[in-house]
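Here's a quick walk through a protein chain. Have a look at the picture first, then read on.

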Amino acid sequence: MARTQDNDTVAVLRAQILRIERRSGVLAHDAARLACGATKIDAHLCGGLEQGTTHEVMGRGADTSLGYYPTRWIATILSRTTGPVAWIYTGCLNLLAEGLFQAGLSPDRLICLHAAPDRVLGMTEDILRETGLAAVVTDFDRSLGLTASRRLRLAAEGSGQTAFLLRRASRMDDTALLHPTASSTRWRVGPAPYPAGAAPVAFRPGRPCMRIELLRHRGGRAGEWIVETEHAPDHLAVASSLADRPVAPTWIAPPASLPAAGDARP
């Protein structure tokens, strides 16, 4: 029992020293990093996402309420870690096991915890003070102010845990998602935009892409990338930009070349 207490005391002291060094900026570039799967994004972040702090992730457009692309990106990042992941949610758990597998994250690693909307941030803070988790993901739809976000970040810094705050909103133009917080980074992830002059279609040749925007980076610069997601469960390839040539047009069969419904043959 004494040995366990001594180990706990040492862990607390190490966490306090780490917090002091982070506040003083000593570990601005030497802090533990979590690779996000895209080499260019990791290089922009000086090696990856900083661990032991909080990161906000939100959707774009219609995905602001669904959160498909943010969930896909968070799962890709966590696929490069080991250990259990606490996934806190309100309402219904909107996770698909097959989608997690495609992102490289085994659903067996998830510890899913339901929380009432008015208790979700408090539960997140309590779990962030624990140790032994690969990360904590909180999926919620409510405002996040400076005081609450600062408490979450301090809890993460004290224990060394990393938190992803997956923020949703029922309205695509909800300005509350952009209010100032104490999180280390703020990301917006959504589908890649259609090339200029291209008509939107349901299916387009090529690998599916998503647009990742770094809206806020405490102590760093913002950025934006288009990444390919297919056939890369634990790796995201930044799509190459076009060089002095237009996008290849998408072929759509003209109506005249399609057989009438009555002419169809087995």
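C209 has a relative accessible area of 23%, so C209 counts as partly exposed (buried means under 20% relative accessible area, exposed over 50%, partly exposed in between, with a 1.4 Å probe and protein chains only). C46 is partly exposed too, at 39%. This is a predicted model, where local features need pLDDT of at least 70 and side-chain atom pairs count only at pLDDT 80 or more, while totals for chains, interfaces and linings use all residues. Residues are numbered from 1 along each chain as its sequence is written, and side-chain values use heavy atoms, leaving out hydrogens and water.

| Cysteine | Relative accessibility |
|---|---|
| C46 | 39% |
| C209 | 23% |

How many disulfides (pairs of cysteine sulfur atoms within 2.5 Å) are there? The count comes to zero.

Zooming out, the chain has seven helices and 11 strands (DSSP runs numbered from the N terminus: H or I of at least four residues for helices, E of at least two for strands). Of its 266 residues, 38% count as buried.

Now for two of those helices. α6 (residues 120-128) and α7 (residues 146-159) pack with their axes 8 Å apart, at an angle of about 15° (axes are lines fitted to C-alpha atoms over the stretch in contact, and angles run from 0 to 180 degrees between N-to-C directions). That makes α6 and α7 roughly parallel, the word for angles under 35 degrees. On the α6 side, the contact (heavy atoms within 4.5 Å) is made by L121, T124, E125 and L128. Among the α7 partners are R151 and L152.

Key: Disulfide = S-S within 2.5 Å. Parallel < 35°, antiparallel > 145°, perpendicular 65-115°, else oblique.
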